[in-house]
Amino acid sequence: MKLAVLASATDAAAQSEKDELVRFAQLKQHLAETGVKIDVSLNLLGRYDYLFIMDIPDGPENAFRAMSVIAQSGTMRTESFVAMPLDSYFEMAAEIGRAA
């Protein structure tokens, strides 16, 4: 399961931006301990500061667990979205179309 996460640094995190690399490494480690892998991590200009694409073990509980790990870091405010590869979506749509 893929989870797309848009995140903004909290004011406290922004004021100590020089420590961001260490905090991100710690966050990745905590997520890895729950079976979550960050596939893509990007810095953004605009409303959000970061975009993460995460590979989550199947099940909504694991997505909630990952978001709780991020929230408890206290450094980011997030908005998350369940995502799927377009090829998988097109295959699913074709199967539904054949069944109809």
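The paragraphs below go through a predicted model of a protein chain, from its overall layout to its core, its charged pairs and its surface.

The protein chain contains four helices and four strands. Read from the N terminus, these elements follow the order β-α-α-β-β-α-β-α. The C-alpha trace spans about 55 × 30 × 15 Å along its principal axes. Of the 100 residues in the chain, 29% count as buried. Contacts between residues at least 6 apart in sequence can be split by separation, and 64% of them join residues at least 24 apart.

The largest nonpolar core has 17 residues, and the members that touch the most others are Leu3, Leu31, Phe52, Met54, Ile56, Ile70 and Met76. At least two residues of this core come from each of strand E1 (2-9), helix H2 (20-33), strand E3 (50-55) and helix H3 (60-73). Helix H3 gives the largest share, five residues. With neighbours within four places in sequence set aside, Ile70 is in contact with Leu27, Leu31, Met54, Met76 and Thr78.

Helix H3 also holds Gln72. Gln72 counts as exposed because its relative accessible area is 67%, above the 50% cut-off. Between Gln72 and Leu6 there are 66 residues of sequence separation and a C-alpha to C-alpha distance of 16 Å.

The charged side chains come next. Side chains of opposite charge can pair when their charged atoms come close. A search of the whole structure finds five salt bridges. One of them joins the side chains of Asp39 and Lys2, at 2.3 Å from N to O. Asp39 belongs to strand E2 (residues 37-43) and Lys2 to strand E1, so this pair ties together parts that are 37 residues apart in sequence. Both partners are partly exposed, Asp39 at 30% relative accessibility and Lys2 with a relative accessible area of 26%. A network of salt bridges links Lys2, Asp39, Lys37 and Asp55.

Glu20 and Arg23 form another salt bridge, with their closest N and O atoms 2.4 Å apart. Both residues are in helix H2, three residues apart, which is about one turn of the helix. Glu20 and Arg23 are both buried. For Glu20 the relative accessibility is 15%, and buried means under 20%. The side chain of Glu20 also makes a polar contact with the side chain of Tyr50, at 3.3 Å. Apart from neighbours within four places in sequence, Glu20 is in contact with Ala13 and Tyr50.

A further salt bridge is formed by the side chains of Lys18 and Asp19, at 3.4 Å from N to O. Lys18 counts as exposed at 72% relative accessibility, whereas Asp19 is partly exposed at 32%.

The last topic is the surface. The protein chain exposes about 6,800 Å², and carbon and sulfur atoms supply 57% of that area. Met84, Leu86, Tyr89, Phe90, Met92 and Ile96 make a nonpolar surface patch of about 610 Å². One of these residues, Tyr89, is placed in helix H4 (residues 86-99). Tyr89 is partly exposed, with a relative accessible area of 40%. That value meets the accessibility condition for a patch, because patch residues need over 30% relative accessible area.

Definitions and conventions
Residues are numbered from 1 along each chain as its sequence is written. This is a predicted model: local features need pLDDT of at least 70, side-chain atom pairs count only at pLDDT 80 or more; totals for chains, interfaces and linings use all residues. Side-chain values use heavy atoms; hydrogens and water are left out. A nonpolar core is a set of buried Ala, Val, Leu, Ile, Met, Phe, Trp, Tyr and Cys residues joined through side-chain atoms within 4.5 Å. Buried means under 20% relative accessible area, exposed over 50%, partly exposed in between (1.4 Å probe, protein chains only). Contact means heavy atoms within 4.5 Å. Patches are made of residues with over 30% relative accessible area and no salt bridge: like charges are joined within 9 Å, nonpolar side chains (Val, Leu, Ile, Met, Phe, Trp, Tyr) within 5 Å. Accessible areas come from the Shrake-Rupley method with a 1.4 Å probe; for residues, only the protein chains shown count as cover. A salt bridge is a side-chain nitrogen of Lys or Arg within 4 Å of a carboxyl oxygen of Asp or Glu. A polar contact is a pair of N or O atoms within 3.5 Å; within protein, one must be able to donate a hydrogen and the other to accept it, and residues adjacent in sequence count only if both atoms are side-chain atoms.
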